[in-house]
Amino acid sequence: MTTRKPVVFCDFDGTITLTDNVIELFKHFRPEGAEDILRRTTTKECSIREGVETLFALLPSTLRPRMVEFIKGQLKIRSGFQELLDFCKEQNVEFIVTSGGMDFVLYPALEPFGIPPEHIFCNNADFSGSHIRITSGHPCDEHCHSDCGMCKSTVMRRYPQEEYYRIMIGDSITDFAGAAFADLIFARSHLEEECRRLQMPHLSFETFHDVVRQFPRHLS
């Protein structure tokens, strides 16, 4: 039994949602050069920050209304998400969204679930110029050299391991750095493949019902 306070760090794209909204945006609008940037980011030829910033710089800011409409039309929440939030509230488990996604996607999508804005960490999209500029208020600290952009491990280090039992829920390459700091990992897709490759203990999930069912009951 541990006396550390449990805290959940949950990814958004491909985890809370069924698809990765950034990937879907670029599949739909298909700006020239996007496919190569996505490939280089996935294969780690460039950092996540560099890849994301370069990708969105391909898109004119005037696309914003069409992008918002596209996201509204295709965004679907993974089954059991409300159950997980209810469970965390009942068990006094702090729930934090850590995402390499965009504020103009996350905040509208999560608003119905009542997650406090200060518990949502993501990238910020600036539409004031001719093309979209991506910034993050949560860059890598001195302990992370992965050039994440929105650095999940930096956010997690605000919750020291001596005091908190850190639980990560994720699916993608943006979760790799943070997973190294988690006491427990719920993984699917690319994150699960990485956990297997590195022989990192983890629990598999497809829905959040799976997460609630496997959530450790020994935490106090």
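**Exercise 1.** Determine how strand 2 and strand 3 run relative to each other, and how many bridges join them.

*Solution.* Strands here are DSSP runs of E with at least two residues, and helices are runs of H or I with at least four, numbered from the N terminus. Two strands pair if DSSP finds at least two bridges between them. Strand 2 and strand 3 run parallel and are joined by 3 bridges. Among the partners, Val 97 is bridged to Ile 120 of strand 3. The model is predicted: local features need pLDDT of at least 70, side-chain atom pairs count only at pLDDT 80 or more, and totals for chains, interfaces and linings use all residues. Residues are numbered from 1 along each chain as its sequence is written, and side-chain values use heavy atoms, with hydrogens and water left out.

**Exercise 2.** Identify the handedness of the unit made by strand 2, helix 6 and strand 3.

*Solution.* A crossover is right-handed if, with the strands pointing away from the viewer, the path from the first strand over the helix to the second runs clockwise. Strand 2, helix 6 (residues 103–110) and strand 3 form a right-handed β-α-β unit.

**Exercise 3.** Describe the pairing of strand 3 with strand 4 and the surroundings of strand 3.

*Solution.* First, 3 bridges link strand 3 and strand 4, which run antiparallel. Next, the hairpin between strand 3 and strand 4 passes through 6 residues. Within this pairing, Ala 125 lies opposite Ile 134 of strand 4. Finally, strand 3 (residues 120–126) is largely enclosed by the rest of the structure, because 5 of its 7 residues are buried (under 20% relative accessible area, 1.4 Å probe, protein chains only).

Methods: Buried means under 20% relative accessible area, exposed over 50%, partly exposed in between (1.4 Å probe, protein chains only).
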